[in-house]
Amino acid sequence: MKFGMLIDLRKCVGCFACTVACKAEHATPTDISYNKVKKYEVGTYPSVKLKHLPMPCMHCDNPSCMEVCPTGATQKQDNGIVTVDANECIGCKACMIACPYESRQFLSEIKPYYEGQERTPFEVYMQKDFQVGTVVKCDGCIDRVREGLEPACVQTCITGARIFGDLDDPNSEISRLIASSGAVPFQRELGTEPSVYYIF
Amino acid sequence: MSNIVENYADLLQEKHLTEDVLTSPYKWEPVDPSAIGEKKVLFGICRHCMQGDCSTLVHIEDGIVTKVEGNDIPPNYGSLCPRGNAAIMGLYNPYRVKTPLMRTNPEKGLDVDPKWKEITWDEALDITANELKKAFEYDPRSIVVNEGWGSKDTLLRPAFVKAFKTPNEVGSHGSLCAVHYGTGLIHGNFPVSLPDLEYCNYHITIGRSLGPNFATAHGSKRLAKALARGMKLVVVDPRCSHEASKGEWVPIRPGSDLAFLLGMAHVMFYEIDKLDWQFLKERTNARYLIRPDGYYARDKETNKPLVWDNTSQKAVPYDTKDIDSPLEGRFMVDGVEMATGYTLIKERFKEYTPEWAEELCTVPASTIRRIANEFVEHAQIGSTIEIDGVTLPFRPVSLNMERNVMSHRYGVYADLVGKLINMMVGAIEVPGACLGSGYRGESVLAPTEDGTMSPGSEAVPVPFKFPPDHIGMQEFFPHAHATPHIVTYAVENPEEFYLDYEIRVWLGVGVNMIRTNAQPERYVEMFKKIPFHADIVYHMDEQAVMADVLLPEHSFLERLRVMPFFPSHQSFDDTVTGLQMIQLRQPVPKLFNTMHVDHILMELAERAGRMYGEGGLLDCINKFDCHIIHDHGMHMREPYLLDLNTKYTYEEIIDRWLKSWKFNDEGKGFKELNEEGAFIKWQPKYTFYHYYHWPGDSTKHEFYFINLKKVGDSLKNNLRKYNIKFPMIDDEDYIFDLYDPVPHWVESSEWNAPEEYDLFAFNWKPPYVSSDVGNVIGNPWMAELYRKDPFEGAACLNPRTAAAKGLKDGDWVRISSRYGSIECPIITSERFHPDGIGISGTYGPGNVGSNPLNTKGPHFNRLIPTSIDTIDPVSASQEIAPKVKVEKIPKPTRS
């Protein structure tokens, strides 16, 4: 089994629901996001479009971040998800440099959501496992996935632009859609063999 | 001047609170020890946009709310927008008002510390109820109940207003969004009319969102499905928005939409010969003969409107069988020449060629022609569709207009021209076409004796009365949606508005007029004149800081809510057509010393003596009829009517309401709703299409807008009768030119602005903010997004426009209309029309004690005019494309 994701950019409307669902799911501290959405324009007036490119961790089969990790904190799980063990991470940032997708961030401090205020009970309760001085990233909602749920970003998508499933099963919805749509990973030429595919 | 300090001096002896205490998360109510170790999931309904109907699940662990996610039931089927996902931060917001407060400083202002004093709930309720009681005894009209989007989460507010017998319900939301008249007149419905995206193949949207522009979950989902099956989307907008990027973007000069629509209608009248003639003849009044005075010619015996019969060469009643009745022509009747309504409109539109329109709106004439032709071609005129065994006309096209079209002096005309275009291809109330939202049932299109359906909702005029009762002059604006801007003038100068009473009590319910309306300083000055002002509030916002007493309400996650489903604001498809539903929000444990808004209203009614007996709150609940979905919603009926002298709990009232629900055939109540989370019923889909109830020629829509004329003439006659002038208006033609039964080009207040005002400013709602319901601008998860978005908090300019002005990205500018100014950096983008300057959202202005996020960013609404000589006199809509000038200024040193 290898979990992967298909993002249909024809459907993405750049609403950032995925970004916020991810923040809520993981209680990522202020300015930490595992699910960035890049916004850009193509063309010139009046032939112009607003485009969006959601960028979760690509959970590569050949993860360059894992290769450079000196402690083994970064691991590729049996289900294909790439994880970071905060207890093993020494915060050397080598993985941040190695990752071509800018999927990783260094947690230098945990700032309260409401600037200048105390942390809310939500933060106090939900942010216990964060360790300042480590590198953090999308964990593919591995806890949800193990319960048979979709990642939070997939469930919340308001246009159904994200499909999650087993890339090893040729009959899964995601495999069939990738085959029929010609979906490809972002910058496949980098050779990291991402598990996230896009319909451009 | 507030009377609070004088009247309640005995309560003001103890020390008052400092600002620091108010804005810190003090006194979190501790988690119930029994909740430790417990995990549970509650049924929820979102309330972070005006629609406020996404079904959610709310997860609680150890007494902490840990997750809010979409529930996989209608209407959002598991998805949730960014704001909905951020609901937890709305709950744990340290800037909430956490306990009842009373001001001790009589001086009022956004930057003036009210020197709040903490009071008990008993004190706060008694003070407010006492003022309500005194005002009620003086004159019920002296009470204003002022509602905003927050108040849409109450069940009891409409009945509360009735119980206090005041006409003065003042809606804050909506004066910049008066989009309802055309839908009321043509569809008999409210609030708006929508495309049927299950079948529509060609959709033109102007000045509105199908969902993506402000990330409404279920609207966006429906649009994505329609696009995936190949629907063509044409977006006419000065900005290439999220959804314009999914279809064809037609850039248009801001504030010129009426010209585009008139140009399109001209092409259909004069250049296309395959309109839906059958629809126009059978289902509209287009062939009715019109007298020279603009009214129907009528049969002397039956009084029925006349049409011309080619066979007998005479005028006959419209419903005469077996006649050959032309749509177009002029005919002599009793020696007087009369034209059909169709003829009058067509002749008036002759000058509105696409070339004429291009001069005004900049859309190339060839594009206007192409779109008009494509619209007609895609309409499949003459085709039918079978839905569950029922055959209905099929017109898979829809043209829809909304806020940025209607919010101009000519807004109602633009709306009506759009309706003409839809009617010319028969795309009204049939599958695939333009459908009214709101009540979907048999009565809506029922014909009158004239053969045409009755106007509904806001197309039904408020009766004239002199002197006027309504503080917002609804008698002078009989089709207005909301008139808070007029209230500011009436309070300032009651004599000019013929008022024979004064406002004594202002009760705000989930409302912030200062931020959400134009010219905030006008509202600030008005509030200084209100003798007693209490607000039911969520957080310390601009209106709250002007109040005398604050009655803090729960945040929406803490608020029990039972809600009937309202057909939505964006579109329809099979995920909602035929849906009847009651949704439930189970409350999470409350964090502060707050109350449920409906509990507050019940307490105020009880303490002011307006709860029991005939005309009291209970009686008004029994008689409550939802203005949107009527008896499809909360509608009390036997044997569940409330006894007028019994004290009920809120839950008992809800239980009776549920058991009275029209679609509840199993006697289910509040207990069962808590078990099931929602009551969901589906009606046959074909019944959703109003043509089904009134097929063929059994009813008609107005093509010639006779009801608009009638109301205008009636208003003019009343001015004569009472020998009065229209308030603030010297030339009354400025008003009555907008009551013509034949729409025509009208310039907005901005077209003749001095030359130095060379750009049209315009505004939209970004996904992070929408209508700022629940103060999502102050939500740190949203702030994390909008702070990083270069198009937020900035003015957007086409690069060539910027270059011509010597401006580049990051330069700071002062943007000034003739009504106000704002300052912000600019960003250039190819996605903007060269004649416009776009500023998103409703950032700022902020106040003492507010969330700092609410003080940042340009407050677009400062640029908008409010005076009567700038608004649409029919809908009272304000002008939201003000002309501005732009000057470069030094970058401010503050953040």
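Predicted model: local features only at pLDDT ≥ 70, side-chain atom pairs only at ≥ 80, totals over all residues.
Select residues 812-816 of chain B, strand β29, together with residues 821-828 of chain B, strand β30: the two run antiparallel and are joined by 5 bridges. Within this pair, pick out B:R814, which stands opposite B:E823 in β30(B).

Now widen the selection to the sheet around them, where 6 strands of chain B close into a barrel in the order β27-β31-β28-β30-β29-β32, with mixed pairing. Neighbouring strands of this sheet are, on average and with direction ignored, turned by 45° against each other.

Next, go to residues 354-361 and 365-378 of chain B, helices α12 and α13, which pack at an angle of about 120° with their axes 8 Å apart. The two helices are therefore oblique to each other, and their crossing is right-handed. To see where they touch, show the side chains of B:P354, B:E355, B:A357, B:E358 and B:C361 in α12(B), which meet B:A365, B:I368 and B:R369 in α13(B). By class, this contact comprises 5 nonpolar and 3 charged residues, and no polar ones.

Finally, display both chains and turn to the interface, where 45 residues of chain A are in contact with 64 residues of chain B. The two chains bury about 4,300 Å² between them, with 60% of that area on carbon and sulfur atoms. On the chain A side, select A:Y45, A:Y114 and A:I158, the residues that lose the most area to chain B, together accounting for 18% of what that side buries.

Definitions and conventions:
Residues numbered from 1 in each chain as written. Chains lettered and ligands numbered in written order. Heavy atoms only, no water. Axes fitted to C-alpha atoms, helices over the stretch in contact; angles between N-to-C directions. Helix = DSSP H or I, 4+ residues; strand = E, 2+ residues; numbered from the N terminus. Parallel < 35°, antiparallel > 145°, perpendicular 65-115°, else oblique. Left-handed = near helix turned anticlockwise from the far one by under 90°. Contact = heavy atoms within 4.5 Å. Nonpolar A, V, L, I, M, F, W, Y, C, P; charged D, E, K, R; others polar. Pairing = 2+ DSSP bridges. Buried area = accessible area lost by both parts, 1.4 Å probe.
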